[in-house]
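Welcome, and please take a moment to look over the model before reading on.

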Amino acid sequence: MNQKTKKRIKIGVIITSILFILMNIIAYFHAYKFTHFDTSENLRTSQPKELSIFQKLKALTFGVNNPRPINSNFPKRAFKVVKLQSNKQIECWMIKTDSAKGTVAMFHGFSSNKSSLLNKSEIFLEMGYNTILVDFMGSGGSEGNQTTLGFYEAEEVKSVVDYLKSQGDSTIILFGSSMGAVAIMKSCADYHLSVNSIIIECPFGSMLTTVQSRFRNMGVPSFPMANLLVFWGGLQNGFNAYHHNPEEYAKSIHCPTLLFYGMQDQNVSKKEIDQIFQNLSGKKYLKLFPNAGHGDYLKNYETAWRNEVQTFLNPK
């Protein structure tokens, strides 16, 4: 090997090393912003389709700005604020109806809060169920600014179930959308929760697939940045994010489960939903909404959603 070839190899190694270091630096900061809400007055980064090429590059380089979710609406019915000490202190709204058949514990999605659940809470109340709406850690009235897309939130699901049982509730249904669905699934798998049934909307198949989907929505390749983001996000938050897999959690769920999915969902694939549904161990029902996106089912399918839930909770 001559000197010229050796020099080229050396330069190639140096450039590759620099690029690898830069990618890890970008992934590190991006992962932190993905799992920690911004408590400043900065505005939320727009959806990928609304961004210019420069804005997409900025978001990909420095991470997406995600302001801490706040509750913008409050129940129109009488409600009680319940504070529970879990891995963080979490705030809940307890809303009761007369002669309740049981209680539906409700859990929101990523970058959301319990006020987003009020419309579905009203449907459950009309069906004769009490509801308890929960702010996960980092959101609304709960403690902190951290989110782990359902990993640590699973313990908060358990804390809510424990609270309801301490209050004498014998019929408990869990409802969750997106991250809330994932938290329920992990909680059922980790703690073997004894609940009557669960209703879950658009859970992702794994932490890696949900991060990859966000890159695809930006119109850029997901490898290797999605993989690095998952690695650093897990390391920063103290868990192996590659093992955060709802497809596996589904195997430990034995109670009756109603699974909703919108066929126009850009964040979760039909393949992920099919695998989750296949892995569920108990009685299971899958309802697809042809023209719905990620969790916006009441917009065009309120009657169908209501009927599916009614039939599931009150089978003939």
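**Spaces and helix contacts**

The second largest pocket holds about 260 Å³ of space. On a 1 Å grid over the protein atoms alone, a pocket is an open set of points with protein on both sides within 12 Å along at least five of seven lines, while a cavity is a set of points where a 1.4 Å probe fits but cannot get out; lining residues have an atom within 4 Å of a point. Points are joined across faces, edges and corners, and a volume is the space filled by probe spheres set on them. This is a predicted model, in which local features need pLDDT of at least 70 and side-chain atom pairs count only at pLDDT 80 or more, while totals for chains, interfaces and linings use all residues. Residues are numbered from 1 along each chain as its sequence is written, and side-chain values use heavy atoms, with hydrogens and water left out.

Around the second largest pocket there are 14 lining residues, and Pro 256, Thr 311, Phe 312, Leu 313 and Pro 315 lie nearest its centre. Helix H10 (residues 297-313) contributes the most to this lining, with four residues. Helices (H or I, at least four residues) and strands (E, at least two) are DSSP runs, numbered from the N terminus. By class, the lining of this pocket has eight nonpolar, four polar and two charged residues. Here Ala, Val, Leu, Ile, Met, Phe, Trp, Tyr, Cys and Pro count as nonpolar, Asp, Glu, Lys and Arg as charged, and the others, Gly among them, as polar.

H10 also has a helix partner: the axes of H3 and H10 come within 11 Å and cross at roughly 35°. Axes are lines fitted to C-alpha atoms, for helices over the stretch in contact, and angles run from 0 to 180 degrees between N-to-C directions. The contact (heavy atoms within 4.5 Å) joins Asn 119, Lys 120, Ile 123, Phe 124 and Glu 126 of H3 to Leu 298, Glu 302, Trp 305, Arg 306, Val 309 and Leu 313 of H10. Those residues divide into six nonpolar, one polar and four charged.

How many cavities of 30 Å³ or more does a search of the whole structure find? The search finds one, and the largest cavity has a volume of about 60 Å³. Helix H1 (3-35), helix H6 (207-218) and helix H7 (225-237) each supply at least two residues of its lining, and the largest share, four residues, comes from H7. Among the lining residues are Ala 31, Phe 34, Met 207, Val 211, Leu 229 and Val 230. By class, this lining has eight nonpolar, three polar and no charged residues.

H6 and H7 also pack against each other: their axes come within 9 Å and cross at roughly 130°. The contact of H6 with H7 has eight nonpolar, two polar and no charged residues.

Helix H4 (residues 153-166) and helix H5 (residues 179-191) pack at an angle of about 75°, with their axes 8 Å apart. H4 and H5 are therefore roughly perpendicular to each other.

Finally, two backbone details. The loop between H6 and H7 contains Pro 224, and the peptide bond from Phe 223 to Pro 224 is cis, with omega near 5°. Ser 111 sits in the loop between strand S3 (103-107) and helix H3 (118-126); its phi is near 60°, a positive value in a residue other than glycine.

Methods: Angles under 35 degrees count as roughly parallel, over 145 as roughly antiparallel, 65 to 115 as roughly perpendicular and the rest as oblique.
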